[in-house]
Amino acid sequence: MPKMKLTKTSVDGLEPREKPWIMYDQEIKGFGVRIGRSGHKAWIVEYRPGAGGRGVSTKRLKLGDVTVLTLDKARTAAKTALAKARLGDDLADQREKDRSMPTIAEYSAVFMKDHVEAKRKPRTAEKYQDHFDRLVNPQIGNTKLHLLTAKDVTGLHLRIGRENGQATANRVLTTLSSMFGYAVRIGGFTCPNPIKNIERFKESFQERYLSSEELAAVGAALIEGESVGIPWDVDETKPTAKHIQKKNRLTFIDRFAAAATAVACSRLRVNSNWRDHVREGARQLLILIGGGGITTLLRQELESEHYWVRHTGLNWAFVRRDDGIIERLAAIARRPIPRDANGKPESEPYLEFHQAMCRLAALGADSILVDILLETGVTEVPVDLASLRAHQGPLPSVLTEKAAATLANEAAAENELRIALVIAWLSGKADLIPAVREVMRKADPASSVAGYACIALHELGDESEEFARLASKLARAKENAHWALNALANLGDRGTDLLLEWLQSPETALRADYEDFVIRVLYAHSATRAQAVAAAVAACLRNRRLGDAPFDIAAEATDPTLRDQILDKAFAVRSFIVTEPLHAIEGLAKFDMVRAVDAIELALQSHPKIERQLCRLLVRLAPEAAPEKLINAAVMTERESWLGHILTDELPAVFEQHANEALRQRIQREK
């Protein structure tokens, strides 16, 4: 292995031989110049990745041609490569991976074949393919997948917006985002999604009226629904078809419901989050009439290609237990959920999954619900599934037995355990408590398995000392503190004692959001009220606190500095925390009622997001003066406000409740 001190002169004097050869540098181990048979010279560096040693194969990395890269820069590059190799980075391997990374055009073909065409409707696949063929690949198709930047995507978005329309540009971003989500989820792509933070164009949606031909088709369908009935559209090849009844697959529509159904279904073409009062009015009528009209509307909404139309259907799907609706809910819940580079699910697809799972639980589709959990592997499930399906009775025994077997299996994978824990808390069966408790005992307090086990034990009603101890341990893990503290809050005196220990631990200051919750739980118990007030004072006086300070509790102390702070917060025109002025005013009322009422009058003008709570607080603090002050506030408010609605629809009941309470107190005093 020839070595010499490499200089520009010595390198220029190196001659080619019959075979390529390398002259190594005496100063930097592994650094050298490679001379080819033709005389071509290139800087190289050789290293052993990771910890090194003779058990690791040597790798060679080309740094650049001698005619392009100077000796000094080559030395610097060699030192950098060797340092990174010692830290675990394999630059040669990374370069090979970069070269093998597909281009946008290449990966779009894989995405279309393996995902879109296999799992999406033909119309969706056709739309995606058009986006790639006509708009994406001609512009950025040759770019490597991992080299696409947000700047590239922004330029593409603006260009398509100018040439093809802003709505089309937004749809193309959705297509690209779906592809990158698939790459992260399936293809092992680790780079950040470059589409994630690209701002979309604002779209103005236009309402379209039905043509004469479309109106005639709707009329014919309504006549059919009133007379012979509309046959169900059932795909017998789907797994869920076995749950649908075999006979009488017809939907009949009342003639009044038919008109309302026609009106509602004619307004499903606009993808807007604005409330459609016509459609919602027709919906209310269909719910009151009953029959198949509301079923037809919900089915069409759940089948819509528009997100906001499906969103409305998901909000109302629980009002009708229909096999067709359950089938459509299951289809929505089974859709893949794209994830970002940190593994977090994207908001809109996850929201649809969340809503669909809640509706399936409320409708009692237990088998389908569990099948979806097993098929999709999604474990970020709604916590209130158990309460939503509780009226349906216990889960089928075959499901709970399978969950029990998984919980008892020490070799079970983490994802399998999470799903088994979800089934356990859905079941409501107390005999699963020991197995779930054992899983929680063995799990890492910061793991999702421990959090799911805590939720399951809480839902199953475990009140044991061991659960309280495990929950207290879990409360010190940032990842699961929320579930553990909520469980302790429902474990009676023992839970209260452990919450007090948590509050007094030095770690609490780092979790201000949970601290507020614990203070309020402790304040509700007379035995720990004094400690809660002291903790509330300390929390309010901490300047770095970013959460919602419990001023209403801290005001019971006589600290003059704190009372000045409460006064300032109560009369603040702007507040970073929405409910902070409300709690400050509640605290102010404990030592200065007159100023508290004045603060409410000011807050009604400057804090519209809490005006409902402010109105109720004013009625409670000053019931005699409240009507006049609220009417004046409603008249003076120039912005769009709910004050008029609150005055006419809500406060009469509040006044009546307050009057009844005042009368009850008077009778008690007379006795």
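Helix axes are lines fitted to C-alpha atoms over the stretch in contact, and angles between them run from 0 to 180 degrees between N-to-C directions. The structure is a predicted model, in which local features need pLDDT of at least 70 and side-chain atom pairs count only at pLDDT 80 or more, while totals for chains, interfaces and linings use all residues. Residues are numbered from 1 along each chain as its sequence is written, and side-chain values use heavy atoms, with hydrogens and water left out.

Helix H28 (residues 580-588) packs against helix H30 (residues 611-621) at an angle of about 10 degrees, and their axes lie 11 Å apart. H28 is therefore roughly parallel to H30, a label given to angles under 35 degrees. On the H28 side the contact (heavy atoms within 4.5 Å) is made by Leu582, Ile585 and Glu586, and on the H30 side by Gln613, Leu614, Leu617 and Arg620.

These two helices belong to a chain with 32 helices and seven strands; both are DSSP runs numbered from the N terminus, helices being H or I of at least four residues and strands E of at least two. The chain has 671 residues, and 44% of them count as buried, that is, under 20% relative accessible area with a 1.4 Å probe, protein chains only. Of the contacts between residues at least 6 apart in sequence, 59% join residues at least 24 apart.

Beyond its neighbours within four places in sequence, Leu329 contacts Leu302, Leu314, Ala317, Ala356, Arg359, Leu360 and Leu363.

Ala403 sits in helix H17 (residues 397-408) and counts as buried because its relative accessibility is 2%. Residues up to four places away in sequence aside, Ala403 touches Ala420 and Ile423. Ser427 is 24 residues from Ala403 in sequence, with 9.9 Å between their C-alpha atoms. Ser178, in helix H7 (residues 166-185), is buried too, with a relative accessible area of 16%. Its contacts, leaving aside neighbours within four places in sequence, are Phe111 and Tyr128.

Technical notes: Buried means under 20% relative accessible area, exposed over 50%, partly exposed in between (1.4 Å probe, protein chains only). Angles under 35 degrees count as roughly parallel, over 145 as roughly antiparallel, 65 to 115 as roughly perpendicular and the rest as oblique.
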